[in-house]
Structure formats: C-alpha cells, structure tokens
Amino acid sequence: MSFQVPIGPQHPALKEPISLRMTVEGEVITDVDIRLGYNHRGLEKLAEEKNWIQNIYLVERICGICSHSHATCYVQGVEKLMELAPPRRGLYIRYLVSELERIHSHLLWLGVAGHEAGFDSFFMYTWRDREIVMDLLEMISGNRVHYAINTLGGVRRDLDEGQKAKILEGMVTLRKRSEYYFHIGANEPSFVGRIAGVGLLPKDKVVALCAVGPTARASGWARDVRKEDPYAVYGELDFEVATADTCDVLGRVVVRVKELLESYKLCEQMVRNLPAGDIAVKAPRKVKPGEVVSRYEAPRGENIHYIKANGTDKPERLKVRAPTLANYPATVEMLRKGFIADIPLIFAAIDPCICCAERAVTLVKAGSGEESVVRMSDLRRQAIARHQNAPVKRNAVWPL
Amino acid sequence: MKIAAFLPELLRHLFKKPATVDYPFKKLEVPKDFRGTPYLNTEMCIVCRACERDCPAEAIEIASVNEAEKRFRMVIHNDRCVHCAQCVDSCPTTPKAMHMDRLFEIADDDRHKMKKDWIYVRAVLKPKAAAPAPQAAGPTA
C-alpha cells in the first residue's frame, strides 16, 4: 500500500518554500513530485522595465548567496553585446570576488550538510571559518552580501597592497582549515557512515538528466564551464576540475572540499598576478539590437543568462536559468528508492536555491490535482473578477 | 578510521575566546568602502538627474520648486534605497554631489520618517575648459 507524504512548501527541514510530494511504501520512496512557484517574484518582467545599469542590481538580488554569480553572468553578457573590453585589472578583481564567493558558498554548504547529517559542531566550525572569507569580501567591496562590485565595463572598487596581503593571509588560514575538514571527512566514521551511499545518482543518469555543477562532478562527470569554455581570465589560470566517483552525498562533500582547495589556489594566483592599470571603461547607455547567451560557473553549477537587446537602453528579454533548476530532475532520481529520513540530506546536497529557480507560475487544483499553466492575461482577468466586489482593505493604500 | 577524530578540535574550543562581539556595547569597524545612506552636497548639484535615472530602486526624486529661481527639491526615500551607491558612481561633478555615509544603524519603525529632503538652488559649475588659473599659469612659467 502506498501513501503520499507532502513536504513543504513550509517545512522545518527546508529553508525555502518548495513543495515535494513523496509517494512512499513503508519507509521507501517510490515516486517524487516537485512543485515550484512559491517564491516567484516576476524579476524577468521587471528587468524589461529597467535600464542596463539598474538591472545589475536587480539580477544581483535574485539570490543572496550567489549574488555575484548572477550579476557577473549578466554583466559579461551585456559587455559582449556592447562590444566592450573591460581592462584586465578589472577582470581579475571581478573573478577574484567570484572565487571568494565560491569559497563562502561551499563553506556554507558544508555546514548545512553537517547540520543535516546531525553533525552540528562541524556546522559551527565551517560557519565560523566562513566569516574569514565574508570579512575579506566586505573589505574588498564594502558590504557583506550584495557586493555590487560589477559595473558595465569593469568593477567599481580597486584593491590596494594592504588588501592583497590580507587576502593572501586569509587564504593560508582557510587552506589549513579545509585540509583539516578533508581529514575529518575521511576519518570520522559517524559522519561518513551517515552520508555514504545516500542519494545515489549514476553517471548515465547525470548525462540523461542534465545535472550541473558539483552534483554532476560527484558522479564522475567532469563538466565545468571555467575549464571547457574558459571565460575572461580562466584561460590563463592553473586549476583542476574536482571530481569524485562515489555518486552519493559523500562524493558531493568531497567535490566541494576539493573545489575549495582549488579556489584558494585560484585566489592566490589572481592576487599575485594582478595586472596594473584601470579597473573600468566607460559603457554606452544604449545597446545595438542583438542577443547573447552568457554562461558562468556559479558555486552550484552552470548559470545561464539569455539577454536580448532591441537598440534601446533597456533589455527586451532577460532569461535566467539558475543551476538549481537544472538539478531538479536529478534530485527526483536521487530521492527515488531512498528513505524518508534522507530527504533533507539529499535535497540539501544539490545546494538548492529556491529563489534562484522560481521562474514560472503553475496553478494546481487542490482537490483533483489538476494542473494548468495560466497566461498573464487570464490571471489578470481572474484577479479583476475576484476583487471587483470585494470591500476595500483598510490601511492598504500605497502610502508614498 | 578512528573513532571521534573531531574530539581534539572540540576540546581546544573550550579554551578559546568567543568568535562574536557583544554587539550593542561593542561595535565593529565598517570597511573603508562601506555603502551606507546616500546624502547630497547641495553646493555641487547641477540637477542633471543622472542619479534619479540610474537608481535601481527609484529612491531618488528631484522636482522643481521654483522655475524662475532654479530652486529644486531632492527627496531620497531611504525606505526604498538598496544601498548600491550607483548614484555616487553616476554623479558627473568633481567633487561629487552625491555621497555615501558610514552609518549602518538606520532602521526605523515608520517608513515615512525615513525620507530625507533638500531644497536648494541649482549649482552653476564652471566648465573645465574655461577654468582660467592653470592656463594663465602655463605661458608665464
């Protein structure tokens, strides 16, 4: 006999709203249905009404953890449309911030993985070490979460010698700590016992379901945009793509720790070889008609922005494909044949960023489970019909 | 494999100072490039409206108060401001008319109290080419 267990949209095990419906037989999950749309904000539509400069700050706010990823992906696309060549010092600083962001995102994820596996001291230590890199980011850009360091044609803040020394110093401490975590991961039997063999995703499924990022690399599928389509400065830097072949959550932990070590290497190279010169060039207000696809390796995987320009100072279309969205089909595969108790761990292992992935509205009838994707005009008509006779809400006037 | 490989690290932390600070009593220094709240130096503003045009949150509003006197009013809606400092980058004058301060405790219980406004006469800056001092100094030296 099978049951359906709904998890979410609001659930203590999930940090962001998403609805998972598990069909279970006893303890074993036989089928999973993922429902999105609880965090849809209409950002793509809003982007069509703002100019190229304003949109940098808008796309930065798609996500709080990979804010720089979205902004960089957008900016490098627009620069391609504008045929701008940012100065090399600007590019080095931009991608230095992106590697620092990868470090902070992976340390955050390691803590979450420890927490989901019931290893809370690991969570506290990784998050304490994450403060080192957060302080570095704050020192470089001025603020902790939304760095706002990108601008069209370069970056907005320069690095001085003192800051360079502090970054190198921070990398030494972090490397020592990460090597220790690697040692713990390999030696702590309770932690390894909890995460090994959980959430299996064989390599052929990775290819078939188009998984990206550390989820794919943990199954031995060495795909990394930085390596296979080197953008900006990555062609001249020395690093390796981290992979593991255990295909489970353990592999995803190992890949992320290895990537941390690679990122420290990249940061040190970029700080040591920082070219002299300007940090930005002046960008035009308007863009010639055209379209561009910009790819960027975010901490969670490949991030894609599609930008279409129509000759004005605003984009005609901005489409965001966040890495989490590409990993959902693989998550369904990972959850299948797993246990109910493993759901938070497996789901956390793709490092889900729900607010990144919400790009469409689907309506589901609660009674019959019938689904329909509705057009904006129909939604509008429904809203007007619904509110026509409704009484005016008190104090509900936009007061500005 | 060894049991409790994490234990030495746990024990070491019993004798460490806390990683946090007692916030309201002790405050951390904000970094040099910190983006606080925008404010206007009215003496430099030429009312080009570049900040109003580029503000992603539409938090800056410039309106004419008196056409004849060239008197303008700038309102910054700090409840909408996202603290990106694009207004400072867009400001074309040197030195800039827009600035960011270094305050971070800027919360309020009423969003209407967070508005800030300036009423001022438009500044007339001499264009760089017409600046007489350096050109006059050139031939004599």
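Predicted model: local features only at pLDDT ≥ 70, side-chain atom pairs only at ≥ 80, totals over all residues.
**View 1. Helices α3 and α4 of chain A cross at roughly 145°.** The axes of α3(A) and α4(A), the latter covering residues 88-116, come within 9 Å. Helices here are DSSP runs of H or I with at least four residues, strands are runs of E with at least two, and both are numbered from the N terminus. Axes are lines fitted to C-alpha atoms, for helices over the stretch in contact, and angles run from 0 to 180 degrees between N-to-C directions. On the α3(A) side, look for His68(A), Ser69(A) and Thr72(A); α4(A) answers with Arg94(A), Val97(A), Ser98(A) and Glu101(A). By class, this contact has one nonpolar, four polar and two charged residues (Ala, Val, Leu, Ile, Met, Phe, Trp, Tyr, Cys and Pro count as nonpolar, Asp, Glu, Lys and Arg as charged, and the others, Gly among them, as polar).

**View 2. Helix α2 of chain A packs against helix α3 of chain A.** Residues 52-60 make up α2(A) and residues 67-82 make up α3(A). The angle is about 150°, and the axes are 7 Å apart. These two helices are therefore roughly antiparallel to each other (angles over 145 degrees; under 35 is roughly parallel, 65 to 115 roughly perpendicular and the rest oblique). α2(A) passes α3(A) in a right-handed crossing. From α2(A), the contact takes Trp52(A), Asn55(A), Ile56(A), Val59(A) and Glu60(A). From α3(A) come Ser67(A), His70(A), Ala71(A), Tyr74(A), Val75(A) and Val78(A). Seven of the contact residues are nonpolar, three are polar and one is charged. Contact here means that C-beta atoms, placed from the backbone, lie within 7 Å.

**View 3. Helices α4 and α5 of chain A cross at roughly 165°.** Their axes come within 8 Å. α4(A) and α5(A) are therefore roughly antiparallel to each other, and their crossing is left-handed. Sort the contact by class and you get 14 nonpolar, six polar and three charged residues.

**View 4. Strand β2 of chain A pairs with both β1(A) and β3(A).** β1(A) (residues 3-7) and β2(A) (residues 19-25) run antiparallel and are joined by five bridges; two strands pair if DSSP finds at least two bridges between them. Ile7(A) has Leu20(A) of β2(A) as its bridge partner. β2(A) and β3(A) (residues 28-35) pair in the antiparallel sense too, over seven bridges, with Val24(A) opposite Ile29(A).

**View 5. Chain B has an open sheet of three strands.** The order is β2-β3-β5, with antiparallel pairing. β2(B) (60-66) and β5(B) (115-121) stand at the edges with a single partner strand each, so one side of each is left without a neighbour in the sheet. The twist averages 20° from one strand to the next. Six bridges join β2(B) to β3(B), and Ser64(B) stands opposite Phe72(B) in β3(B).

**View 6. A cis peptide bond runs from Thr94(B) to Pro95(B).** Its omega is near -10°. You'll find Pro95(B) in the loop between α3(B) (86-90) and β4(B) (98-100).

**View 7. Chain A meets chain B through 23 residues of chain A and 20 of chain B.** In chain A, α2, α5 (120-141) and α6 (161-187) each supply at least two residues of the side touching chain B. The largest share, six residues, comes from α5(A). That side of chain A has nine nonpolar, seven polar and seven charged residues. The predictor gives the complex an ipTM of 0.83 and a pTM of 0.86.

**View 8. Confidence in chain B is lowest in helix α4(B).** This helix (residues 132-140) has a mean pLDDT of 43, against 94 in strand β3(B) (residues 71-77), the highest in the chain. pLDDT is the predictor's confidence in each residue, from 0 to 100. Across chain B the mean is 84, and 87% of its residues reach 70 or more. Over residues 130-141 of chain B, pLDDT stays under 50, and the model has one contact beyond four places in sequence for them.

Technical notes: Residues numbered from 1 in each chain as written. Chains lettered and ligands numbered in written order. Left-handed = near helix turned anticlockwise from the far one by under 90°. Contact = placed C-beta atoms within 7 Å.
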